[in-house]
Amino acid sequence: MKDAELLVLQVLKTPRARREFLLHVLKVHWADYIGHTAASHSQPYRLEDGVLYVHTDNPMWSTQLHMLQGKLLGTINRELAPELKGRKRIVKQIRFYHGIIQDLPQPDLEQTPFMPLRDPEKRCPLCGVPLIGDEKICSACRRKKEEKIRRAIRKELDRQPWLSYEDCRKLVDCDKITFTDVKARLEEWALDRALGPRATDRDIAFAVMVNTGVPPEKLTAELVERTLEKAGRSRYYVPARRK
């Protein structure tokens, strides 16, 4: 991070403003962190609670970049906070999704440094605190709203674990990234439970439906066995160490 960017970051006081500025820095220097070839196929999209969401233009790039996540996290955190020398991570995890990559113009920090815009007349309609920039609601209320959406998605998946994003959208107003994240967490939990020694038939069926998207009337013994076998291999596989 350049000296001018570090200075701007020190001026920003609210978590929302710091997070937006860090995302701006990541977009500006993305090619320096990841390489120009990979940067032409990927773009930081959102930074939330230490998780960086990145869009790629091809699922294959999502897979390749996911395999390099450890190295990339080290580079990003050293650049964003050089004074910490890797002792603390600003970005703790990176999640890659196939999405839209936009060629957005970036401002010249030396001429027009990033500063949050405040309008004293513009306040959060839910709690009344001042808003920053183009915010519609404050960050605290936004987090509450997002958590409510996540709970609603989880409720629908508990009822119908085979739901796809398109089907869920008919029941819950949500975006694909949030749905995918909620389902991935549920899938991991369900498969762990299904592979446990106390798993019931219901636990196993639930895990298979979440994993495959197959409704109960189409479940077969072969599909259940194949799904559990695959899940078991992925959990007990230990890659060989390189010498």
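**The hairpin and its turn**

Analyst: Asp49 has its place in the loop between β1 (42-48) and β2 (51-56). Helices (H or I, at least four residues) and strands (E, at least two) are DSSP runs, numbered from the N terminus. This is a predicted model, in which local features need pLDDT of at least 70 and side-chain atom pairs count only at pLDDT 80 or more, while totals for chains, interfaces and linings use all residues. Residues are numbered from 1 along each chain as its sequence is written, and side-chain values use heavy atoms, with hydrogens and water left out.

User: What is the phi of Asp49?

Analyst: Most residues other than glycine have a negative phi. Phi of Asp49 is near 55°, a positive value in a residue other than glycine. The hairpin of β1 and β2 has two residues between the strands.

User: Is Asp49 buried or exposed?

Analyst: Buried means under 20% relative accessible area, exposed over 50%, and partly exposed in between (1.4 Å probe, protein chains only). Asp49 has a relative accessible area of 63% and is therefore exposed. By contrast, Arg142, at 16%, is buried. Arg142 belongs to helix α6. Not counting residues up to four places away in sequence, Arg142 touches Arg16, Arg19, Glu48 and Ile137, where contact means heavy atoms within 4.5 Å.

**The sheet**

User: In what order do the strands of the open sheet lie?

Analyst: Two strands pair if DSSP finds at least two bridges between them. Here three strands form an open sheet in the order β1-β2-β3, with mixed pairing. β1 and β3 (93-98) are the edge strands, each pairing on one side only. From one strand to the next, the twist averages 25°.

User: In which sense does each pair of strands run?

Analyst: β1 and β2 pair in the antiparallel sense over six bridges, and Leu47 stands opposite Leu52 in β2. β2 and β3 pair in the parallel sense, also over six bridges. Tyr53 stands opposite Arg95 in β3.

User: Which helices lie against these strands?

Analyst: Axes are lines fitted to C-alpha atoms, for helices over the stretch in contact, and angles run from 0 to 180 degrees between N-to-C directions. Helix α2 (residues 15-34) packs on the sheet and touches β1 and β2, its direction making about 150° with that of β1. α8 lies across β1, β2 and β3 and runs at about 120° to β3. Five of the seven residues of β1 are buried, so β1 is largely enclosed by the rest of the structure.

**Two helices in contact**

User: At what angle do α6 and α8 pack?

Analyst: Helix α6 (residues 139-159) and helix α8 (residues 176-194) pack at about 50°, their axes being 10 Å apart. α6 is therefore oblique to α8; angles under 35 degrees count as roughly parallel, over 145 as roughly antiparallel, 65 to 115 as roughly perpendicular and the rest as oblique.

User: Which residues make the contact?

Analyst: Among them, Arg150, Ile153 and Leu157 in α6 meet residues of α8 that include Phe179, Leu186 and Trp189.

**The whole protein**

User: How many helices and strands does the protein have?

Analyst: The secondary structure comes to ten helices and five strands. Of the 243 residues in the protein, 38% are buried.
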